[in-house]
Structure formats: C-alpha cells, structure tokens
Amino acid sequence: MDTITASAMKALEQQADQAGLSFRDMMYNAGAAACKAIQRDFAGKNPLTIVFAGPGNNGGDGYIAAGLLAAMGCPVITVQVDGGPRGELSASQMANLQRFRVPVSPLNGLNAIQKKFIQQADVVVDAMYGTGFRGEMSEDARQAAAMMAASQGQVWALDLPSGVECDTGRAAEGAVKADVTIAFHSAKPAHVTEPAAALCGRVEVADIGIGQALQSQDAN
C-alpha cells in the first residue's frame with residue numbers, strides 16, 4: 001500500500017488549492033466520502049450515529065459527515081471534544097448543522113439520554129485528531145475514546161484513529177481503536193506501521209478530488 005507523509009499531504013493540499021480545489025471543497029469531499037462509505041455499509045438502514053469532533057479540520061470533516069447523514073434520515077448527534085472549532089472552515093460546517101437539526105453538545109455537557117444514545121449507537125465517528133497529532137491526548141480526548149470503546153457501534157476513524165501519529169505509527173495512551181479508517185487521498189505511514197496499524201481496522205482510501213485537480217492543472 002502506497003503511503004504519504006503528513007507534510008507531503010499538506011503540500012499536495014496546498015497545490016490542489018492553487019489549482020482551484022479549495023480547502024473548503026476538500027473538507028466537504030472528505031466528509032462526503034465518509035458519509036458515502038457509512039451509507040454503503042449500512043445500506044437500507046438509517047444508523048444511529050455519533051460524531052466526536054475535535055477543534056481542527058478533522059472535526060470539520062466530521063461535521064460535514066454528520067450533516068449529510070442527517071439529511072439522509074440518520075439520527076445524529078455531535079459531541080465537541082477539546083472545545084469548539086478553532087478555524088473558520090470548521091466553524092462554518094458546525095453552523096450548517098442547524099439546517100439539519102443536528103444537536104452539538106460539549107463532551108462535559110452530555111445528558112443521560114445522550115450518553116445512552118452513544119452506548120446504543122450503530123456508528124461512532126472519530127473526527128477528533130487528524131494527521132497533525134503529536135504527543136499525548138487531552139483528558140477530553142481520552143474520555144471520548146473510552147466512550148467510543150464502550151459503545152456497541154462500529155467506530156469509523158476519519159483519516160487516522162485519534163491518538164495515532166501519522167508518520168511514526170506511534171500510538172498515544174488511550175488512542176482510539178477503529179473498526180474502519182477512511183484515509184483521505186492516500187494511505188498514511190501509520191496505516192501500515194505498528195502499533196498504529198492494529199488500531200486502524202479496515203483501511204479504505206477515499207478520493208477527495210486532489211488527484212483530478214492536479215491533473216487538470218498539469219494539462220493546462
């Protein structure tokens with residue numbers, strides 16, 4: 001399986017943006033790819049879905065997936081981990097959830113009904129940390145990871161299970177163990193490097209438009 005490092009991926013994203021595929025488009029395509037994969041695996045069903053969203057762009061991907069799944073009839077709630085979005089792109093995607101009546105709750109503000117929903121969910125989306133993660137998980141993130149592990153649902157990680165370092169494959173204490181990982185554009189070193197690889201579950205590579213944008217640029 002071919003892989004790409006975090007820095008190389010960032011460079012490709014910048015090139016794609018310059019070629020006309022905006023960072024907003026890439027974020028939307030990532031969230032849409034996750035939604036499509038979940039819908040495929042749960043064909044004919046409207047799975048109860050929880051999205052744990054971090055404050056960065058990975059959280060933005062999660063907010064998009066949450067909105068699209070809700071639009072297709074899935075009961076969805078989102079849980080903010082480590083606070084709300086820190087960037088404009090993620091913040092705008094969170095705001096869009098109002099259109100779909102998807103509740104957004106801070107991790108420390110979950111009520112008993114929401115906690116039960118998490119335990120009984122069919123799908124748990126890990127959108128806390130992406131390829132930029134280094135070091136150790138926050139207390140919030142470790143708590144969220146424990147809630148994912150206790151849920152009866154499948155855990156779907158966006159790009160990488162949270163707590164996994166992209167390039168080294170190191171896994172922080174309390175890292176998420178996913179059943180499925182949706183890798184955006186390309187697999188990353190952690191998907192094939194232990195101990196992280198064991199936490200990724202089934203790895204699927206999703207096209208988010210970068211290849212086509214760069215090909216179109218080269219053709220011009």
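Colleague: Why is C35 called buried?

Modeller: C35 has a relative accessible area of 2%, and buried means under 20% (exposed is over 50%, partly exposed in between, with a 1.4 Å probe and protein chains only); C35 is therefore buried. This is a predicted model, in which local features need pLDDT of at least 70, side-chain atom pairs count only at pLDDT 80 or more, and totals for chains, interfaces and linings use all residues. Residues are numbered from 1 along each chain as its sequence is written, and side-chain values use heavy atoms, with hydrogens and water left out.

Colleague: What makes the contact of D159 with K188 a salt bridge?

Modeller: The term requires a side-chain nitrogen of Lys or Arg within 4 Å of a carboxyl oxygen of Asp or Glu. The closest N and O atoms of D159 and K188 are 2.9 Å apart, so the pair qualifies. D159 is buried at 8% relative accessibility, and K188 is buried at 0%.

Colleague: Why is E139 called exposed, and R142 partly exposed?

Modeller: E139 has a relative accessible area of 52%, so E139 is exposed. R142, at 31%, therefore counts as partly exposed. These two residues form a salt bridge, with the closest N and O atoms 2.9 Å apart.
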